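Subject: Structure handover

Hi,

Here is the structure I promised, with my notes below it. Please look through it before you set anything up.

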Amino acid sequence: MESNEEEDDVHFGDTYNSGWDEIPVEEEMPAEVTDYFPGAAKTYGMGYTFLSLFNTDENSVYRKTNLYYPFSCKQDWEIASWLLRSGLSMGKIDSFLSLEMIRDLPLSFRSAKELRGRAEMLPSGPRWMSRVLDTSHPTKSPVILYWRDPLECISAILNHPLFHDQLDFTPRKVYSTVQKLCRVYTEWMTGDDAWNMQSLLPQGATLLGTILSSDKTNISVLTGDRVAHPLLVSLANIRMNTRLKSSTNSFMLTALLPVPKFLHKNKRLRGVLADRLVHQCLDIVLKPLKEAALHGTMLSDPVGQSRYYSFRHEPRTASTTLAQISVVRTRADPSDLQAFFREAQKFRLNGVFEPFWRDWVLTDPSHFFTPETLHVLHKEFWDHDAKWLIFAVGESEIDFRFSVLQPVTGFRRFAEGISKLKQVTGRCQRDIQRSIVAVSADAAPRGVLVAVRALMDFRYLVQSQSIDENDLVRISAALNEFHASKDAIIDAGVRRGKANKVIDNWYIPKLELMQSVVPSIRNSGVTAQWSADATEHAHITEIKVPARSSNNNNYDPQICRHLDRLDKCLRFELATILLDEKQNIKALADAARSHMDDEDADDIEVDDDVPVEFLSTIQHDRSRPITNYFAIAQVLQHKPVGSVPLPLRSFVIGRIAFHLGYDPSIRNISVDDVALKFNLPDLRPALSDFLQHEASSERDHIHAIGGPRKAGPNAVLPFEKVQVWFKLRLQDTEFHDVHNIRPAQTINCAPPSEPWTHGHYDSIIVNTEAEHSWPTSGLQGHTVAQIRLIFRPLGKTGTQWVWRDRFLTYVHRFDIIGVREPTTQMYVLKRAKRSNGTCMGDVVPISQVRAPVNLVPRFGAAADNRLTAYNSVEHASELWLNRFWDKNSYFPLSM
């Protein structure tokens, strides 16, 4: 089946435009083969664009002479925009405007009321509506539903200029090889559901996948019990790497569902009434989408092309559930709440008799309720797996072990342990997952650790953004291994509930949901795209921030008004940037970046070593900006000779970018002094052996680590001085997508100082065989080592020597002891030693470094209480090669 690209004029570009043409990879990647659904996603002439809608506003005639109308000029609008989005109360805005300096400005408004009045004149997006709902049972206060037409919200998302090259309209089947024996699943459009739904649509129709997310969230802090129930909407057609970035605002609030307090004496039945009300509200809110699914509708994409869209929600089955509800209705009247609920429970139903999806064509709960990583994977881990290991190891023991793990730059350290943590976020849960298996090894019962480790393998495999049929086999095998080992958890008495009471059953809904992960991936694409991280962040921007600017009374209408003003400001800002001829691309990027929340911005690890001229290489389209060292390296290569220091401080080897500080940490130090400072007694002979290998080998020779030392301690070198760096930054790409750049990681290599009395040395993967490459070869042809020195020799003036000026590193090698340890499925490492008992070290070019790795001391049954976070790796006789530290390195370390 061939793709007909002429029928669909949508650009299917890479998820990230890196600014460089291609990442040079060390080996040819296997070519995927794609079959596109024929005749899908046709266009039908030009419709409307974001700007054409902006220009149809009733005030557009005034903007012909003043682009920023109803404000007097650009500066007037900038002050107004800042005030409207600042979260300041009207009283504080009035106080600000009354300042003498501000009164002297030629502003078009002089009070908060006048400012908001002008904001109401801005072009509007989807408008809010409200309705008072009648309920079958009394409530403490009137039940009011606030909502926006979800079809208008979808249209606004679809039409947004920032998504113009990030939309996916054509269902496809991707195969790993030309033989088409192994399917590959990524985006929603690569699953079976999209293909099957498209086959039921008219020729040329475009399939839109509607994502609905709903979860209650607390509004008030510390006092009161104010709760909001937002309903968010987005499009599965937006590529997941874009949709999952909080800064793209790809989710819109389409409704605030009421959260009433029913006056019923039975708590359980109050829950049934609340469930029925939710479905009643969803029936009202989602009616336009149901009609669009039945009849289709014409909408415009970001470039203004009209398409005939048919809406389908992302696919217990619908027919079975509806049949069971019918049986229940024959046995009890829905108005008899208690009797109906009693009969419904026999089918494990919740007492809702008219589910909102009953009249939504092609909608099936068994398909559209997709597993979600934040709750199904991470919350399940914290609620269960982590608790099992805490009980198995002991609170004080596991807390001590976490507290003495060597800190890693850019990652959270649990200095007080994990057993007493409160309000554990999804990010915190993921940070604990990195180390808990290695930390608990040898202390937890073997069967318990095997079961938890199997679930961890399941968790990491499922989070991949590209999964093929072979991966699905591994995912199923990991889950089966857990079920085969889980009895050990109950036998050990570590599955406990309230009051520390032992539980002897497996009634855990989240574990049951894991059984649906593999079918869901085949139906709807990878699980990672359904993460609730983006929607949880939207609860802050769409609910909590607006609520903070309210008067703490009657929240819902004030939230709606706040969001309406904010939406108008954002639309107006984007339109004026696009229309103002004086603006450039950087301004558009700044506008997108300004939507980052302060909490994320405070969490950014700032790289203050990037020159001003390279600030444009920083990706700002995500909550944590990423410096693109691949782009910096390419720019430096084309700089005139003499304009930048050589060797270049940023360079690329294969799919790894290296970056060293512009200025060395030590500008000039003798070889013997640096050997003394870093405690490297064989540095001089190691350098002599390295130079000998260089002189007798071909260019770009790959150096091994180890072997007999040939040079003596007084070997003569063609240089006596070196420059030293204490840090190296490594940047790589996603394991499954070489064009998706990951954040750079810092590798430390600093001499002894307080509190690092033994020095601060991180561990790395070093390439030692030219025929193997990282990460595709795994550990084959690679060695785990501890980096002990990063330096550059400074040649003697007037001395000729065969040397290509570059950066070097001295490393200590670790040896792998046998095969993987069967319980943890991790390798155990020991420091390699020479015959005289000293650590086996060698000098290798820094270009042989491939990735940072995390090592965890093998604590044994009980950890040595003399260990600290600053000496635990140095004193450990054995260490775990922790494959769970990073989701990207998990795959090559698991090979």
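Leaving aside neighbours within four places in sequence, I432 is in contact (heavy atoms within 4.5 Å) with F381, W382, F402, F414, I418 and L421. I432 belongs to the largest nonpolar core, which has 66 residues. A nonpolar core here is a set of buried Ala, Val, Leu, Ile, Met, Phe, Trp, Tyr and Cys residues joined through side-chain atoms within 4.5 Å. Buried means under 20% relative accessible area, exposed over 50%, and partly exposed in between, with a 1.4 Å probe and protein chains only. The members that touch the most other members are W388, F402, I432, I436, F458, I475 and F482. Helix 18 (residues 446-462) gives this core its largest share, 11 residues. Another core lies apart from it, with 46 residues, including L151, F163, L231 and V233. As background, nonpolar side chains tend to be buried together in soluble globular proteins.

Two notes on sourcing. This is a predicted model: local features need pLDDT of at least 70, side-chain atom pairs count only at pLDDT 80 or more, and totals for chains, interfaces and linings use all residues. Residues are numbered from 1 along each chain as its sequence is written, and side-chain values use heavy atoms, with hydrogens and water left out.

Overall numbers

The protein chain has 895 residues, and 56% of them count as buried. Its secondary structure comes to 31 helices and 31 strands. Both are DSSP runs numbered from the N terminus: helices are H or I with at least four residues, strands are E with at least two. The chain exposes about 40,300 Å², of which carbon and sulfur atoms supply 51%. Areas come from the Shrake-Rupley method with a 1.4 Å probe; for residues, only the protein chains shown count as cover.

Salt bridges

The count is 40 salt bridges. The rule is a side-chain nitrogen of Lys or Arg within 4 Å of a carboxyl oxygen of Asp or Glu. Three of them follow.

- E573 pairs with R85, with the closest N and O atoms 3.2 Å apart. E573 is buried at 16% relative accessible area, while R85 is partly exposed at 27%.
- D682 and R709 meet at 2.9 Å, N to O. D682 sits in the loop between helix 28 (671-677) and helix 29 (683-696), and R709 in the loop between helix 29 and strand 18 (719-725), so the pair ties together parts that are 27 residues apart in sequence. D682 is buried at 17%; R709 is partly exposed at 23%.
- E720 and R684 also meet at 2.9 Å, N to O. E720 is in strand 18 and R684 in helix 29, so this pair ties together parts that are 36 residues apart in sequence. R684 is buried at 10% relative accessibility, and E720 is partly exposed at 28%.

Shared partners also join D682, D689, R709, R834 and D842 into one salt-bridge network.

E372 lies in the loop between helix 13 (365-368) and helix 14 (373-393). The E372 side chain does make a polar contact with the side chain of H375, at 2.5 Å. A polar contact is a pair of N or O atoms within 3.5 Å; within protein, one must be able to donate a hydrogen and the other to accept it, and residues adjacent in sequence count only if both atoms are side-chain atoms. Not counting residues up to four places away in sequence, E372 touches L377, W530, S531 and A532.

Two more sites

L256 is found in strand 9 (residues 252-257). L256 is buried, at 1% relative accessible area. Beyond four places in sequence, L256 contacts W128, L145, Y146, H229, P230, I543, D556, I559 and C560.

C839 lies in the loop between strand 27 (828-831) and strand 28 (841-845). C839 is partly exposed at 23%. C839 and V811 are 28 residues apart in sequence, and 9.7 Å apart in space, C-alpha to C-alpha.

Best wishes
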